[in-house]
Amino acid sequence: MERRTLFVDVLLPLHLPGTYTYRLPFEYNDAVKVGQRVMVQFGSKRLYSALVRRVHETVPSYKTKYVLSILDLEPIVDERQFRFWEWMASYYMCYPGDVMAVALPSSLRLSSESYIVVHPDFCGEYGDLSADEIRILDVLTRKSRITVDEVEEITGYKKVMPIVKTMIEKHVVLMEEELRQRYTPKQTVWLTLGDSYREETATKQLFDTLERKTATHKQLLVLMRFMQLSGFGREAVKRKLLTDDPELSQSALDTLVKKGVLEVEHREESRLAGGDATASVASIELSPEQQQAFDTIIHSDKSVNLLHGVTSSGKTEVYIRLIDEVLREGKQVLFLLPEIALTAQIVNRLRRYFGNRVGVYHSRFNNQERAEVWRRTMQPSADGFQLLLGARSALFLPFHHLGLVIVDEEHDGSYKQSDPAPRYNGRDSALYLARMWGARTVLGSATPSLESYYHASEGKYGLAEMSQRYGGVQMPEVFCVDMKEAQRKREIQQNFSRFLIDHIKEALANHEQVILFQNRRGFSLRVECDVCHWIPQCVHCDVSLVYHKSTNSMRCHYCGYSIPVPPECPACHSTTLKMRGFGTERIEDDLGILFPDAHVARMDLDSTMQKKRYIEILNDFEDRKIDILVGTQMVTKGLDFSNVSVVGILSADNLISFPDFRSYERSFQQMTQVSGRAGRHGKRGKVIIQSYQPYHQAIRDAMNNDYLSMYKSQIVERRVFKYPPFYRLVTIVVRHKDQETVNSVAERYAGLLRAQFGNRVLGPEYPSVARIRNQYIKKIMVRFAQGEAITEGKRIMLQEAERLLQDKAYSRVTIVFDVDPQ
Ligand code: ADP
Ligand code: ZN
Ligand code: ZN
């Protein structure tokens, strides 16, 4: 039989255009499939696991390297996923390799930096190994764990990879990631009654013999406990239950096992917590308004529906009913949240109804957990997941039959990945993904983005609205404190107005809880010299350093640069360095002075680096161990606590005066969302906004909870000033360590673009932070009217950039595109 020569085009998880062609060794001809991982060498020595995108017989014009090995029996990525990645790369102006790098859990990506280890099944038979292989094995047995690169160094061999490859095939070694994936599902040990003791007469006899001698008394105790736990041998018992019991003898247990009375059984246990549902969806009784929203969505002829429901209107219960409908058709549901920080509460709520059919996927999971979720999403099976919950990266899971995508808090800016590429918006990508599957999408929010509300009002999306809180709870009463006035009357103490202090006092006296919100933009505390006004700056970035009390240091929030607070001003040697600003740490301190008896906790980026800590704070707050919770954006989001009666927004001015076309919309959203945390159950809550501009329209709209007023005024501005949803924006960032070069590239590039797009090109301009990590930055913006040929426009932009950067003088300049910036 003639042997065909096959080639594969593979996708590498790198920032590279297109695919690369490799030749397939004949022995793989039958095994190769699109979507499998193969190991290939890329560059002079690096090894990667790449994905097979295409198998063909077209001989390339250049000499190709061989595929080193096939890593999977079955594809791990299907055609639809590839197409989704390709769409994303083209829409967001990057490469499919960039998408692959974020889409695959890292344990599914191998490279020559990966560790190799001796295969656990290797029998130690050196007979059929070559001298080179034995040498490598020797190195490995001495070091136990080593990268391919290191093997090359130690052995001095030039091309270790092909040798490693055959060793992998001979099952002598393994890539460690592979090993972890295949070999370490968590094991639990169980005990069952031995086969020959299952008969009632046999058990009875056994008890008799054990009872007769005092020497076997300890065995008798163990056996009795086992019988009791196992329902007289009907079920298996976790060994731990017996070994943890101090009354029982370990050696007696061992003896029973040796005799075959008890048998040991190892079982694989999922690393992911689960369990059965404890409540049935049918037990949810929707309010008339919820029912109507549910009906509207379920009967809608639009594939996308916007669920606009005020805070605490019970959107989650509507989602649960929708999810249930789709699961019953045997389809999967993807539930997206803007930030993983939010999942703890919602996961519990969903698990109550859907039990272990719920899979949670997020970047803070370790590799194994992520690989397990991946596997359990892929195929319909008994242990498969049907409802997948996660932040934007959950879009990349290998669904087998997606029927519904829910995007909760769809307005949230953190759906957008800003760095690195792909700079994609999770909500918008979800809409595309759903369309590929013919699935429905529900966008939910109390404060929809202008874009989504616009599409709903134009009839492109269906719209369901809920204007009442569930259970007849009233919307909170909102007050705005005029801080100028309060200052005049000397009613301000430590950034707190008398009015707010009094209300916090009252809440504490009633054993109710308080949430205080201070947005991140105003959250920094800076050091300033009282004499010459010197402010410490980052040496790598054009920003001032932020004071951190816990470490008594000053840190750059862009690059992490950090120095201790100096004892005196380096400019004028004055020792009167003062703290300025108004951060969460500072507020925490103020609260200590104002309310010495209250338990205060702080939740912001610094205090919640670890997910554990975050969950702890939330649990403590829920258990009422914390009276006052101070935080940044994180406290504004979808949390549901029953005992919060007062919410304070410490400085609304930071929100409304931010120079950005979304700032009005954003500040309305944040004020409304944080207000929504007040008085969700029973008693009417109070919200107190402190501001120097109490008559600002955004504050008025938030106070009246008037989304439509905000929408109407903003949509007009968006149209007039040419912003989304009427125009699509692409921002272009030019970066280089030399300022002159940045200026000249930016000017030339903007010129090239102007020749194509005329006055739709704005800039170049320095952004508010014009240098980050020693790189100077200039920004250009291009806008396209709705309906304009934006795909063609993007192609031209990329092409011009590529041409420009071919100039040797510009070789190290970076040009980054951000489509639909947030
Ligand atoms: P939203 O997400 O719209 O802000 P939630 O879904 O958190 O609101 O609902 C607010 C509260 O009301 C929650 O505690 C929720 O359990 C409760 N709730 C909402 N709808 C129902 C219902 N139909 N039956 C019972 N409780 C409900
Ligand atoms: Zn000074
Ligand atoms: Zn810096």
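1. Contacts between helix 1 and helix 15. In this predicted model, Arg 80, Arg 83, Phe 84, Trp 87 and Met 88 of helix 1 meet Asp 428, Ser 429, Tyr 432, Leu 433, Met 436 and Trp 437 of helix 15. Contact means heavy atoms within 4.5 Å; helices (H or I, at least four residues) and strands (E, at least two) are DSSP runs, numbered from the N terminus.

2. Zinc site. Cys 529, Cys 532, Cys 569 and Cys 572 coordinate the zinc ion (ligand 2) through their SG atoms at 2.3 Å. Donors are N, O and S atoms within 2.8 Å of the metal (3.2 Å for Na, K and Ca); water is not among the atoms, so sites may look incomplete. Along the chain, the donors follow the spacing C-x2-C-x36-C-x2-C. Cys 529 lies in strand 23 (residues 525-529) and Cys 569 in the loop between strand 26 (562-564) and strand 27 (577-581), so the pair ties together parts that are 40 residues apart in sequence. Both Cys 529 and Cys 569 are buried (under 20% relative accessible area, 1.4 Å probe, protein chains only).

3. Overall fold. The protein has 26 helices and 36 strands, and 53% of its 822 residues are buried. Among contacts between residues at least 6 apart in sequence, 74% join residues at least 24 apart.

4. Basis. Residues are numbered from 1 along each chain as its sequence is written, chains are lettered from A and ligands numbered from 1 in the order in which they are written. Local features need pLDDT of at least 70, side-chain atom pairs count only at pLDDT 80 or more, and totals for chains, interfaces and linings use all residues, while side-chain values use heavy atoms, with hydrogens and water left out.

Definitions and conventions. Buried < 20%, exposed > 50% of the residue type's maximum accessible area, 1.4 Å probe, protein only.
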